[in-house]
Amino acid sequence: MAAPSALKLWVVLARAYSSIEERAAADVRRRGLTLAEFGVLEALLHKGPLLLGDLQRKILISSGGITYVVDRLQERGLVERQPHAEDRRACFAALTKEGEKLTKRIFNEHEACLEEVLSGLNVEQQQQATELLKVLGRAAAGLEVEATS
């Protein structure tokens, strides 16, 4: 049985995530996007064209989910598929000019929304929480945990 402190941490973490996700989703929904769609646009803006598998792992959705999201964004003219030069089975997703323009326009606004949502912690507390959650995530994944300074 989980120790009461571990169980409490799990419940608090889940509730905090749910509240934050709800606010983030509402912010992108008012722009006509889902969080997954915005995640794809943001990843492509900052990383450039990505193989669909790499994009899927970056935004943490299923392989079927990434195909669906990219299809929707392609239909809207925000993303295009580009063939892989050596592997006909693989393709890249890339922002179109319209997709880049939209993402650049809304990214800063969304970032400001997240800053407001997370303002319950000051900058130092946010940095501490980030480091602690990295350690927790790595340990939960069974990876070697590195001490951070």
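Here are a few quick questions about the labels used for this structure.

This is a predicted model, with pLDDT of at least 70 needed for local features and 80 or more for side-chain atom pairs, while totals for chains, interfaces and linings use all residues. Residues are numbered from 1 along each chain as its sequence is written, and side-chain values use heavy atoms, leaving out hydrogens and water.

Q: Why is C91 called buried?
A: Buried means under 20% relative accessible area, exposed means over 50%, and partly exposed is in between (1.4 Å probe, protein chains only). C91 comes in at 19%, so it counts as buried.

Q: What makes C113 buried?
A: Its relative accessible area is 13%, so C113 goes in the buried group too.

Q: How many disulfides are there?
A: The count is 0, where a disulfide is a pair of cysteine sulfur atoms within 2.5 Å.

Q: Why is E22 called exposed?
A: With a relative accessible area of 57%, E22 lands in the exposed class. E22 sits in helix α1 (residues 4-29); helices here are DSSP runs of H or I, at least four residues, numbered from the N terminus.

Q: What makes α3 roughly perpendicular to α4?
A: The axes of α3 (residues 52-59) and α4 (residues 63-75) cross at roughly 105 degrees and come within 9 Å. Roughly perpendicular covers 65 to 115 degrees, so α3 and α4 get that label.

Q: Which residues make that contact?
A: L52, L55, Q56 and I59 of α3 meet S63, I66 and V70 of α4, with contact meaning heavy atoms within 4.5 Å.

Definitions and conventions
Helices (H or I, at least four residues) and strands (E, at least two) are DSSP runs, numbered from the N terminus. Axes are lines fitted to C-alpha atoms, for helices over the stretch in contact, and angles run from 0 to 180 degrees between N-to-C directions. Angles under 35 degrees count as roughly parallel, over 145 as roughly antiparallel, 65 to 115 as roughly perpendicular and the rest as oblique.
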